[in-house]
Amino acid sequence: MSAVATRSHNRVLSVVKLHFTNPWTTITFPWIVMLTIIALTVLVWMLVLANIPDPADRAGAREGFGYSGSSGFIFVYMIVVAVQSINTMFPFAQGYGVTRRNFALGTAAYFVILSVFYSVGLTILSIIEDATGGWGVGGSLFSVAYFGETPAQRLFVFFAILILFFFAGSAIAAVYVRWKGIGITTFFIAFGFLLVGAGALATLVEGWDEIGAWFAAAGLLGSFAWSFVISALAAIGGYAVLRRATPKN
Amino acid sequence: MTAVVEVSGLTRTFGSLAAVNDATFRVEQNQIYGLLGRNGAGKTTLMQLLTGQQFASAGSIRVFGENPVENAAVLQSTCFIKESQKYPDDFQPRHVFKSAAWFFPNWDADFAAQLAIEFRVPLKRKMKKLSRGQVSAVGVIVGLASRAPLTFFDEPYLGLDAVARQLFYDRLLEDFAEHPRSIILSTHLIDEVSNLLEHVLVIDEGRIIIDAPADDLRGSATNVVGSATAVDAFVGSRPVLHRDGIGGLASVTIGALTPTERAAARTAGLELSPVSLQQLIIRTTTEKETEQSA
């Protein structure tokens, strides 16, 4: 019909761009915090070493440097990014006349782009960490054993964690957007029962050993590969919830 | 005439509440419509239904001839910034205007920039930190500069001062003259916008109770003022929209009068005055309560 605007935009691409409109929150700020964390942690390590005169004791301290969880900041921060990208961006995009489908596709693309961006960034940091002998003090922020042994493995693990956190966070945010507080409460109660129930079941049938054996057999990479199944379910579930959601005040 | 919106038997219920109740109307292309009604009358729900944000419980909606729900072709020709529009937490007005260009095919960035200066919108301050009026101004600017073939303004002037409201009305009319489009303006500041409106839809408790050209409405009621006896004698059995009385004086609102009737009223010593759109709508939408309390 002639009244309908003739110049057509790729609405999915527009949604991706919309998420990147203000790069401060999702790009600049997290890296500033991450680099600050690295600087402060290394500084603390240096202080610790400076105060241990005996070389034998120093070796013991260095062992403790191998398990820093500071890099986890990025993962937790990205859950918040995921929640906000639904909670405030969805009502906003609806005002711009974006369909729920195009919003979901654009947002999923945005999550994948951010996951690639951050997993590559974290992997580069882990390579620097290895090359500098643990920032000169033998510390580990990024090349920690549970992220994998080689840069390629770490890239895969970082990516899997980020994808999982983005899609799980956005699915929960979708529940909030559609059913507000009551929906979130119901969801977490149900989820809690599910976890406790699964735990009880595993205990009753004495299945913990088998579960442990399953993870051992799958290995680190195999276990993380399975996380994509959970991520995919969260993505599908989140879209199903959003499809009938109306932005509320 | 071409209809951009055709709604028939449209109902949206929330539990036992019918926010929109069996609404049937058309919106003609390139006209300015006023969607008027009290708070909670169903204005926002109706506009959300027309833009596919809400889902109908019953009835049909055609926007540009198609169902708007999840219809990208239709929705990219609409712009609906709600009065309570949420903006992303880290957005500043410049981010809003920058991103709007990606979604509205007719977006005019120069016009938006000019409006931002005129409305004194600070471009580099977080939306959260803007005053109520500044947030409203951002919505107004998006609505105007989007030049969407079907544009909704939902209580656009909340917190806007008189100068800014006048600026909005002026720019709306100027831009409408150059770029005709269909505009639906929801408001309860009826008298202020009454000269802008070409067609009026009044919604009350979910029902469309008035659907008429604004000019017809303006002439559709008359106030008759005079001594109570003379007024009563003149009004006779005509339907009364509203009645006020102080002592021996009465002021009664009735329907349109013919020139002969007007002459007769003057002979009877009665004063006739036009009823403003606002008064007319107040009388129509409070009629029920008055009857119930009587």
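**Notebook: chains A and B**

I began with the interface: 39 residues of chain B and 32 residues of chain A make the contact, two residues being in contact if their C-beta atoms, placed from the backbone, lie within 7 Å. The model is predicted, so I note that local features need pLDDT of at least 70 and side-chain atom pairs count only at pLDDT 80 or more, while totals for chains, interfaces and linings use all residues. Residues are numbered from 1 along each chain as its sequence is written, and chains are lettered from A and ligands numbered from 1 in the order in which they are written.

Helices (H or I, at least four residues) and strands (E, at least two) are DSSP runs, numbered from the N terminus. By class I find 18 nonpolar, 15 polar and 6 charged residues on that side of chain B. Ala, Val, Leu, Ile, Met, Phe, Trp, Tyr, Cys and Pro count as nonpolar, Asp, Glu, Lys and Arg as charged, and the others, Gly among them, as polar.

**Helix α5 of chain B**

I then took α5(B), residues 132-146: its 15 residues reach 21 Å from first C-alpha to last, close to the 21 Å expected at 1.5 Å a residue. The expected span is 1.5 Å times one less than the number of residues. I find 12 of the 15 residues of α5(B) buried, that is, with 20 or more other C-beta atoms within 10 Å of their own, C-beta atoms being placed from the backbone. Among the buried residues are B:Val135, B:Val138 and B:Leu144. Their cover includes β5, α3, α4 (109-118), β6 (150-154) and α6 (162-178) of chain B. After α5(B) comes B:Arg147, with a positive phi near 50°.

**Open sheet of chain B**

I traced 4 strands in the order β11-β12-β10-β13 (chain B), paired antiparallel; strands pair if DSSP finds at least two bridges between them. β11 (240-246) and β13 (271-274) of chain B are the edges, each with a single partner strand, so one side of each lacks a neighbour in the sheet. Between β10 (residues 221-227) and β13 of chain B I find 4 bridges, and B:Val224 stands opposite B:Leu272 in β13(B). I also noted helix α9 (residues 228-235) of chain B, which lies across β10, β11 and β12 (249-255) of chain B, at about 140° to β10(B). Angles run from 0 to 180 degrees between N-to-C directions, with axes as lines fitted to C-alpha atoms, for helices over the stretch in contact.
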